[in-house]
Structure formats: C-alpha cells, structure tokens
Amino acid sequence: MVTLDHASTTSNFIRNIVQEDLDAGRVTEVITRFPPEPNGYLHIGHAKSICLNFELAHDVGGKTHLRFDDTNPVKEDVEYVQAIEGDVRWLGFSWDDLCFASDYFDEMYRRAVLLVQKGLAYVCDLNSQEMRELRGTLTVPGQDSPYRNRTVHENLDLLERMKQGEFPDGAKVLRAKIDMASPNLNLRDPVLYRITHATHHRTKDAWCIYPMYDFAHPIEDAIEGVTHSICTLEFEDHRPLYDWIVEHCEMPSRPHQYEFARLNMTNTVMSKRKLKQLVDEGVVDGWDDPRMPTISGLRRRGYTPESIRNFAREIGVAKSNSIVDGRMLEYFVREDLKLKALRTMAILRPLKVVITNYEEGKVEWLDAENNAENEAMGSRKIAFSREIYIEQDDFMENPPPKYFRLTQGTEVRLKHAYFIRCEEVIKNDMGEVVELHCTYDPETKSGSGFTGRKVKGTIHFVDVQHAQPAEFRLYEPLLLDEDQKDDEFLRHINPRSLEVLRGYVEEGLQDLQPYTKYQFFRHGYFSVDPQRFDALHPVFNLVVPLKSSYQL
RNA sequence: UGGGGAGUAGCCAAGUGGUAAGGCAACGGACUUUGACUCCGUCAUUCGUAGGUUCGAUCCCUACCUCCCCAGCCA
C-alpha cells in the first residue's frame, strides 16, 4: 500500500482524500496537474499550488503534468509559456508530461458534436447582452433561449459552420442544454464554445472557435487521466458542471475536482490584475522587481526554491480564506540561508575611523571563518589597517540606555580584529559626525584568547584600503496595509519599499556572481542582483534582514 | 435575500465522541567575537453563538451570527 509520509507535511484534507482513494482502490495511480493559463507570470500563490500538486503525486509514486490551459488566444502568448516552464523548473519540479489544452482541440470539438447529437447542446444566436438578460439573477430563475429547441440536425450544421468561420465573433455560441432555472448559475445553459477569430500561439489560424474553461478543463483532465484535479475555491460551484461534462461527453476516465483556498499574504497583493497594475503604473520596475511576489521577483530578490517549498508545505492546505503573515516566508529563507551563505562584512552607511596608534602603512591579514556554524565553508583573510569604515549607526554621541556600540570614551570589539576606544569625534561645519579617531589595544587581538576586559558590543568594519564600493538595495513590504479594498490598494503603497545605499564590501568577495547569497554581519542576507551585475561594482539585493531584538 | 463554501490562539493549521498537534509571531531567561544563531521557558480550561443528545461534544443534532464565492462569449 502506498502511504503518504512526507516528513514535514502535516495532513490536509486533499492528502486524506488521496490516501482514502488509494486505500479503497478507487485509483491505482495518482495523477495531478498544474494548469496555468499562459497569460501572465507565476507568483507565490501559484507556488503553493505547484508544490501541492507535485509533492502530493510524488509522495504516492504518482505523476504530475504541467498543462497550459491555452483556450483563449487573445490573452495568451508563448513568452508566458517559457517563463512559466522556467519558474516551475526553478522551483525544483520536473513534470512527467508537458501538455497543452490546444493539443486537444480536435478531441474537444468531437465531444461537443457528441453533446449536440445527444440533444445536450445547442447553437444560440443571442448576443451577450441578451443572454445576460435571460440568465435571470441570483434569486430569479432564467428563461430559455428562443434557440434552445433547434433540431439536432440544425445545431450540427450551425456548429460546423461556426467552425468553418462562416460567422463573425460573437454571432453565435454553443451552449449546454441543462437548466435555466438552476439555483447554480453555472448550470443555466453555460457557453461551451465561442467564436474568436484570433491567431492562437500554437494552433495559429486552424480554429476560430475556442472552448470555454468549463467545457475544456474537465475534458483535458479526463484525456490525461488526471485523478485529482485540484483548483481554487472560486471553482467550487463549477464542480457540478465539471462532472456533467465528464459524464455526458462520455469521457473514459473520471477525474474529480477538489478545491482549496488560494494563498493571501500580508503586505502584498496576489492577483494578476493588481500585479500588472503595479508594473503598468511604474510602481515597480517590472514583473521581476525584487519587491514583487512573483516567482521571478522572489528569485531576483534572492529567495531560494527550498525556502519557498518549505514555506508552501508549512502554510498548509485548507478551505478557509486566510492571510498568511509574510514573516513566515522570511523565516524560511533565513533558515535556508543560515548554513549556506558566506558570512562577511559590509558597510552600508560608512563612517570613517582612524586608529591613531596604529602604524601608518601597515596592513594585517586577519583570520575570519566564512560561516561560524558551518566549518566546511572554510575561512578567509581580511585586511585591517589604520583606516577603516564602520557603520554610522554604530556610533552615537548621546546614546540611549543599553546602547552597546561605540560612544566617545568607550570601547567595542571589532569583529575578527581588536578592541577600539573612541577618543575624538570629528565634525563638519554643520555639526555632523564625519570621522572618528580611535585607539586600539594590540593585546585584544581576535583569537588571542585575551580575557582581560569585556566589552558589551561587537561591531563590524571594512578596511578603507581594501574596500570595494558596492550598491545595496534595501526593501520593505510593497504595501503598508493588509486588507486594502480592491481598488484602493495603490493608495497603500509603501513609499519606502526601496532604499538604495552606496557603501563597501570586503575586497575580493568570494564567489561574486549573480544570485550568490551573503550574510552581511548584523544586517541580513543579500543576493547579487543578476540584472545589474558588475563585478567591479556589485549590486546587492536585501533578501531578508536578520532578526533583531534591539531597535535604535 | 437563490445556490455554494468557511469559522480552532495575534497569523497559518492538525485533530474529531474520551477531554485541544505543529509552525510563524510575541514575551521572559541562558549563551554569544553577529543585539543574529542556538537552548530553555511562557503563550486556547477552550474550538463563531445559543440550545439539545450523551457518562462525556471542538466533533453529533437544531437554530442563529459573521465572512467569502457565483449573474464573462475570462480562467
């Protein structure tokens, strides 16, 4: 017996159903599918669905298809097909079969003809306005179309002529003949085919009629032998229609549809429409802007596939609408990068320090481990000399209580180096601190075992002569509020979602190339931006800051 | 107010007639050459509300409340 035992996956109602189906012998092999429409980019919400479908099938030795639901040529494009394939692969999944709804257009047409022959579908000449009027309302039943009783012969002829291109867009549709009085609006003679004279990205001009989702999707699933067709909650009341199509089209296999709640997260938006709006209105730089919750945005930001997969597993799968705290995603990327990223020093807001008792012209190369929690990552040498940069925040003239960093007359430890004491503060005409004069104590060298004195704080630094200029792009959530009204979300844009700083990193940073992740001490995890890559002047995207129990 | 769903901690989320898993967040404390990490501890006498059945209900029954979805020739 096949058993679900994914180590870190707790049970959810869909896994329970799959297990029961397996136990009861209703299915012998589980086949799931991820069915995006190639009309936009994938986001973290899709990642939830991708992980669910692929991992579920994988865990019971089943298969998963990547299927493009390309039934609407006016919105779709190959560009999206390629981007989607790349995103799914990047997330770490391999599909067992790559499918396109458009590959089944012939089969779908034959099934439509079958429905007509059985008297279960008819060609309707009503325009969309008229159709809406006859559909009734939530509380008022609809009325039959005047074309509802055309003969099978006439319908067959009309459908064929629709296919042949005899009629203009919108002139006729093929409708299922179900029940205009059904309390479920989806059953009030839903449209199965519409006329659209448009070039399809794959079938080109072979067709001028295209199947609607409700007709196409169950047929696609059945053709592929999909056993568990998982979609989101809004399709719940389409399920009776899904089952109707599978049954009356006499599909040899019986897929079943299950619905789960789509992902929502705090401080961001998750609909294609809103994401597109952010791009179109220039709020962000594009679909792969590191602030976007798109897969491409997260990738560019520096998120890892592992972190996204772990996140997807941990948030669970259920039927109640919910909003996941964005900090959960951050937790998983910190967790993933903790032992993988090189821990180095970077100064984002430089303040020059002159160590007045340090010999001029001398340079020391100090030992520094690359990751104190992962010895296998080895160590490197870092430069130390008379002039260094420290972080502006690490010095205050009038510090608040419990400030463990540098102040005039106090001592701190420089990570990997020595204790320094601030002796003098140099200011410019405006009274701003521009330089510090400090002294160091040679006896306190890091690794020497010095225990003579204790200091409260350890700060990081970069040697001036061996500092490499770098750009740091810091990000905050795109939206300030969590529950924006649909059309007002643009008013809640966080004006500080991006902050660009110019500072320094250690010279000769190991493995400096696009997407390399570093932990910059006391700041956070950063990833080398692939679009602006320049080894001499690297740009680092803040993936996620380190947690901190102290706020200035 | 027709139909379909959902209500378990600040946020996700298991569980299901036998007395509330886990994660995130938060808060204490220990440790610390990252105010990080790690460790230890705290965090639902209660499962939308009110009744009922039962020895016993978050789970079964009844009523009610709240929220979400559906009137595209989009998916």
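Contact here means heavy atoms within 4.5 Å. This is a predicted model, in which local features need pLDDT of at least 70 and side-chain atom pairs count only at pLDDT 80 or more, while totals for chains, interfaces and linings use all residues; side-chain values use heavy atoms, with hydrogens and water left out. Residues are numbered from 1 along each chain as its sequence is written, and chains are lettered from A, with ligands numbered from 1, in the order in which they are written.

Figure 1. Strands are DSSP runs of E with at least two residues, helices are runs of H or I with at least four, and both are numbered from the N terminus. With a relative accessible area of 8%, E471 is buried (under 20% relative accessible area; exposed is over 50% and partly exposed lies in between, with a 1.4 Å probe and protein chains only). Neighbours within four places in sequence aside, the contacts of E471 are V500, L501 and R502, together with H537, P538, V539 and F540.

**Figure 2. The loop between β16 and β17, with H416.**

**Figure 3. The loop between β15 and β16, with K402.** The loop joins β15 (387–391) to β16 (411–414). K402 is not a glycine, yet its phi is positive, at about 65 degrees. K402 counts as exposed because its relative accessibility is 66%.

**Figure 4. Chain A as the setting for the close-ups.** Chain A holds 12 helices and 25 strands. Its C-alpha trace spans about 100 × 55 × 40 Å along the principal axes. The radius of gyration is 31 Å, whereas a compact globule of 552 residues would have one near 24 Å; the value is taken over C-alpha atoms, and the globule rule is 2.2 Å times the number of residues to the power 0.38. Of the 552 residues, 54% are buried. Among contacts between residues at least 6 apart in sequence, 70% join residues at least 24 apart.
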